[in-house]
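Welcome! Have a look at the picture, then try each task before reading on.

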Amino acid sequence: MSAPVLEVKNLKKHFASDGWLTDEPPAKAVDGVSFSIDEGETLALIGESGSGKSTVAKTIIDIHETTDGLIRYQGEDITNPIRRQVETIRSEIQLVFQDPTSCLNPRRTIRKTLLVPLKATGVPREEREARVSEMLERVGLTDEYLRKYPHELSGGQKQRVNIARALAVEPQLLLLDEPTSALDVSVQAKIVDLLADLQEELGLTYLFITHDLSLVRNFADETAVMYLGEIQEQGPTEELFESPRHPYTRALLSSIPVTSAADEAYRPESEPLRGEVPSPRDVPSGCRLHPRCPHATEDCSMRQPDTRHVNDVAVNCIAYDDDTDGFDALLDAANTTPGDAS
Amino acid sequence: MSDDALLDVSGLSVGFEGFDGYADVVGDVDLHVERGEVVTIVGETGCGKSVTTKAITGLLDEPPAHVEGDVEFDGMDLRELSEAEREDLNGDRLGMVSQNPLSSLNPVFTVGEQLTDTAQFGGSDDAGLLSYLRRRHSGSERAAARERVLEMLREVQMPDPEAVIDSYPSELSGGMRQRALIAQALLNEPDLLIADEPGSALDVTVHDRILSLLTDVIAERDMSVLMITHNLGVARQISDRIYIMYGGRIVESAPTEEIFTEARHPYTQGLIASIPRLSGEPMAGGIDGSVPEYTDPPSGCRFHPRCPYADDDCRSAAPPRTDFGEEAHAVCVRHVDGGPTPTIAETKRRLMADDERAESEVER
């Protein structure tokens, strides 16, 4: 079996507090995350803001220095890379950001923007123009956009340019950090479609970061749900949607406003989470979700949950561990209490 | 439409004089909110939803804005009111919740001060500075107002209201700020609540809880609500009736369930087909193009450049309105001319076919 394209083991990224007079604890943005992505596959990383999902992506391409753990690309250790490795990483792994506008230089035409990565990777001058046109065509834009400035483009078109720019250096792995969350649904569907086509055509591997679970249903092979710097549940997307096990996954699924009865069947009957995401500087003891979790027991605040494997899905939850029937039994019991029956 | 509508807007149009020329943003908007009814306006970014509500509440500066049409609220013509009369109405009988929970609270006053002011002075007649100072510093009246604020904060399920009331907005999380704003809007028991994408700036789980809170509060008070959202799922969860807006025009309206089962306008159908599904049902590849330029809008139907059914009729003349029963209507020529009637399934098929055609063109 060939090595996975990207392998991350026990990755940690702690941000020390600024200033030398403060004694604030470091913010544990990412705290022990492991996953791997095989060639041509898509892993979706799901989580609310502050869960550390973007930090994972930025640590992988060395925007942030790794605190601890291991990152392997094509079997090679690229954790805190040396200079030679940085060049490989930058040409083989590309990041597409959330806000398509702030990623484009407003004073450069699209042509100039797209020429930059070609110059940087040493594509001969005479080939560049042809490559730029080819890139634009690949993302569904025509040559007339070459002379335009970013402000003349709509959000969806800007995101297409960003994708084209990322593809310019012919990367193997794309890290997509909420590529569609700034866009409207009708445009979002277009971009997701484009990404799926590109993957098929170029054999790309994706790490798809988003907060919207419904978006990855048809798109990702595997899904990992992150909360406060840790992956809580990870497994094949299909299985995760059919029977979500972790209370956080269930809460995320049940908070999606759906538009049809068929979709409603996939929203687990779940108690909503209490409160909001706590600060990563002050992570709750035991299971990180316990102050918000509707199923939390005393045990949850005392010890770290172990990872359990059920049907290829890895779940970190004590409450689930205690009751092998999952939460449906718990909820049935809760729903038949006399208080609810009225 | 009954004569009893709480809010009745007819022929509303809004334009802006700008550097690029005159932008004809909102036009021919007819909408009404019955008593005790929850109505949403759904549309994408730049469809004129917020401008419409701002025109209704009189928050647009004229000029540069040009507002025309009638806005009737409980028998009063809002467009005729003087500024002082408006101010009495806003915050008292008309409550508003805005989208961004941080920029709607004043950062230099505590939440308590701001909400107590609303409770004490919201909607009262302007009786001059002296009267204001006397009342502002009257201990008993202030304490009573504060008590009301606390009660309201408890009602919106604010965690630890006694501490929150003396906090500054920056000390609160996004969800708490949004709750404070909802509490503020409800303090004077408004007849009509206008909510502009409440909570959509927040995380999904928090957003969901804000929505269920709103649903509860609305049901409890039997309040009338005009809500704006870009998310059809949210509209489905909360509203009785939906208006779909595109390019500053209302293109369709129907009772909520009807929109999702038998949407009649191609734009609505395209939107519905583009929503990612939890059930894994494949979605259409979105709608080509983007919202129109308001300084130079497309001729005829404003949706025609993006519409999979468009033909010369659509380009040449504004589409007619077709009524379907009492409560539903669609503004699309396809329902009149006997051509192919747009259905959700057909639109989805066409949008997906469009996609494949575009791809094959690129390959060539």
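**Exercise 1: a helix and its surroundings**

In α11(B), the buried residues are P266(B), Y267(B), T268(B), Q269(B), G270(B), L271(B), I272(B), A273(B) and S274(B). This is a predicted model, in which local features need pLDDT of at least 70 and side-chain atom pairs count only at pLDDT 80 or more, while totals for chains, interfaces and linings use all residues. Residues are numbered from 1 along each chain as its sequence is written, and chains are lettered from A and ligands numbered from 1 in the order in which they are written.

Task: work out why helix α11 of chain B is largely enclosed by the rest of the structure.

Solution. Start with the terms: a residue is buried if 20 or more other C-beta atoms, placed from the backbone, lie within 10 Å of its own, exposed if 12 or fewer, and partly exposed in between. Helices are DSSP runs (H or I, at least four residues), numbered from the N terminus. Now count: nine of the nine residues of α11(B), residues 266-274, are buried, so this helix is largely enclosed by the rest of the structure.

**Exercise 2: a residue in α13(B)**

Task: is M352(B) buried, exposed or partly exposed?

Solution. First locate M352(B), which sits in helix α13 (residues 344-363) of chain B. Next, M352(B) has 18 C-beta neighbours inside 10 Å and so counts as partly exposed. Then look for contacts (C-beta atoms, placed from the backbone, within 7 Å). Leaving aside neighbours within four places in sequence, M352(B) is in contact with A284(B) and G285(B).

**Exercise 3: two helix pairs in chain B**

Task: how do α7(B) and α8(B) lie relative to each other, roughly parallel or roughly perpendicular?

Solution. Two packed helices are described by the angle between their axes and the distance between the axes. Axes are lines fitted to C-alpha atoms, for helices over the stretch in contact, and angles run from 0 to 180 degrees between N-to-C directions. Helix α7 (residues 174-186) and helix α8 (residues 204-221) of chain B pack at about 20 degrees, with axes 10 Å apart. Angles under 35 degrees count as roughly parallel, over 145 as roughly antiparallel, 65 to 115 as roughly perpendicular and the rest as oblique. α7(B) and α8(B) are therefore roughly parallel to each other. The contact is made by G174(B), G175(B), Q178(B), I182(B) and L186(B) of α7(B) and V206(B), I210(B), L214(B) and V217(B) of α8(B).

Task: which arrangement do α3(B) and α5(B) have?

Solution. Helix α3 (residues 111-121) and helix α5 (residues 139-155) of chain B pack at an angle of about 110 degrees, with axes 9 Å apart. That makes α3(B) roughly perpendicular to α5(B). Among the residues that meet are L115(B) in α3(B) and V149(B) in α5(B).

**Exercise 4: where the chains touch**

Task: which helix gives the largest share of the side of chain A that touches chain B?

Solution. Begin with the whole interface: 38 residues of chain A are in contact with 41 residues of chain B. The elements giving two or more residues to the chain A side are α6 (185-202), α7 (213-216), α9 (247-254) and α10 (261-264) of chain A. The largest share, eight residues, comes from α6(A).

Technical notes:
Two residues are in contact if their C-beta atoms, placed from the backbone, lie within 7 Å.
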